[in-house]
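Colleague: I have just opened this one and have not looked at it before. Could you walk me through it?

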Amino acid sequence: MGNIIATGFNSGSTDGELDSLEADLHRLAGIGVDTVELGLTSLDLIAGGRIIKERADRLVALTSQFEFRYTVHGLVSSNFMDPVTCRYQIDAAKALVELCDRIDARVLVQHGGFLRADQIFDRAAADRREREALFELAEFCKPYGVRIAFENIFTTEPGQYRQTPVELAETVKAVDHPNLVALIDFSHAYIESTYRGLDFREQLRAMAPVAGHLHVHDSFGRPQGFYKAFHPQESTALGIGDLHMPLGWGDIDWDSIFSELEFLPDTVLMMEIGARYGNEQPESLARARRLMTLNSGEQTLAAE
């Protein structure tokens, strides 16, 4: 048996209401998905760090209709390096932990932070601020049995400070808390490696020993740069940016990666391939399940 225990897709609301989330959950159940990562910040569930009880109760009633294993994606705009909003973000993340517990989700995704070009002077303080925030949040998670999955992102504007995957892994090691793991987003790592001239596979190898959650979607590792697409499909046509394509549409060598890397126990392989690719999701699901088998070594043993 390998350490990857489940795979599935992300889902969220398209209009801030639960009805659109419910429709997508029914669709995912219909194609045989057993694990879903909920984008809870696409819903109005928290205000000023406080849970809106009536809406939270409705969320619990909705999620309990399905037999999914749930994980939760936190604030997409999260940035614990930001001195102005860090406290507000921690409060919102703590509310999300409580929501995780209510729907029996044991993973909360937290994006890595950044500094603008004019804030680079604050880099050392920003790294310290992020580590302190992660430790505080991880401590809060302990009684709930929730793990924070700390995700590598990529540079989105010139002069920006972002931690590389190697540096993010070092942050997780430095915080050294059982309720904090790294989250490898393979496409993000690919894009950042291209942008910075790093060895993509070396970046992955550095993260894998502390990784307890995975985000999988395909790309060509080409930074967005200054290209602005009119339709998102135009970026796909050029192979530019964070495309979130079905597995096999890009050029990431998934089989080789999952044959090599070993992750922490109870790792979930989450595909961030949305409903836009609904027709392709079943094949991506089958492929992800094959990657789980490959990562466990079962396929190799069967061949022998």
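Predicted model: local features only at pLDDT ≥ 70, side-chain atom pairs only at ≥ 80, totals over all residues.

Colleague: Is Ala92 buried or exposed?

Modeller: Ala92 has a relative accessible area of 14%, and because buried means under 20%, Ala92 counts as buried.

Colleague: How many Å separate the C-alpha atoms of Ala92 and Thr14?

Modeller: Those two C-alpha atoms are 21 Å apart, and along the chain Ala92 and Thr14 are separated by 78 residues.

Colleague: Changing topic, what do the strands form, and in which order do they run?

Modeller: Eight strands make a closed barrel with parallel pairing, and the order is E1-E2-E5-E6-E8-E10-E11-E12. On average, and ignoring direction, neighbouring strands of this sheet are turned by 30° against each other.

Colleague: What holds strands of a sheet together as pairs?

Modeller: In general, strands of a sheet pair through backbone hydrogen bonds, in either a parallel or an antiparallel way. Here, strand E5 (residues 69-73) pairs with E6 in the parallel sense over three bridges, and His73 stands opposite Val109 in E6. Strand E11 (residues 211-216) and strand E12 (residues 267-271) also pair in the parallel sense, over four bridges, with Val216 opposite Met271 in E12.

Colleague: How many residues of strand E6 are buried?

Modeller: Strand E6 spans residues 105-111, and six of its seven residues are buried, so E6 is largely enclosed by the rest of the structure.

Colleague: Now the helices: at what angle do H4 and H5 pack?

Modeller: Helix H4 (residues 123-141) and helix H5 (residues 165-175) pack at about 55°, with their axes 10 Å apart, and they are therefore oblique to each other. The crossing in which H4 passes H5 is right-handed.

Colleague: Which residues make that contact?

Modeller: From H4 the contact takes Arg123, Arg131, Leu134 and Phe135, while H5 supplies Glu167, Glu170, Thr171, Ala174 and Val175. By class, the residues of this contact of H4 with H5 are four nonpolar, one polar and four charged.

Colleague: Which strands does H5 lie across?

Modeller: H5 lies across strand E8 (147-151) and strand E10 (180-185), and H5 runs at about 170° to E10.

Colleague: What about H6 and H7, at what angle do they pack?

Modeller: Helix H6 (residues 186-196) and helix H7 (residues 200-207) pack at about 135°, with their axes 9 Å apart, and they are therefore oblique to each other. Their contact is made by Phe186, Ala189, Tyr190 and Ser193 of H6 together with Phe200, Gln203 and Leu204 of H7, and this contact has five nonpolar, two polar and no charged residues.

Colleague: One last topic, the loops: where is Asp176, and is it buried or exposed?

Modeller: Asp176 sits in the loop between H5 and E10, and at 63% relative accessibility Asp176 counts as exposed. Its phi is near 55°, a positive value in a residue other than glycine.

Colleague: And what is the phi of Asp266?

Modeller: Asp266 has a positive phi of about 65°, although it is not a glycine. Asp266 lies in the loop between helix H9 (254-260) and E12, and Asp266 is partly exposed, with a relative accessible area of 49%.

Note on methods:
Residues numbered from 1 in each chain as written. Heavy atoms only, no water. Axes fitted to C-alpha atoms, helices over the stretch in contact; angles between N-to-C directions. Helix = DSSP H or I, 4+ residues; strand = E, 2+ residues; numbered from the N terminus. Parallel < 35°, antiparallel > 145°, perpendicular 65-115°, else oblique. Left-handed = near helix turned anticlockwise from the far one by under 90°. Contact = heavy atoms within 4.5 Å. Nonpolar A, V, L, I, M, F, W, Y, C, P; charged D, E, K, R; others polar. Pairing = 2+ DSSP bridges. Buried < 20%, exposed > 50% of the residue type's maximum accessible area, 1.4 Å probe, protein only.
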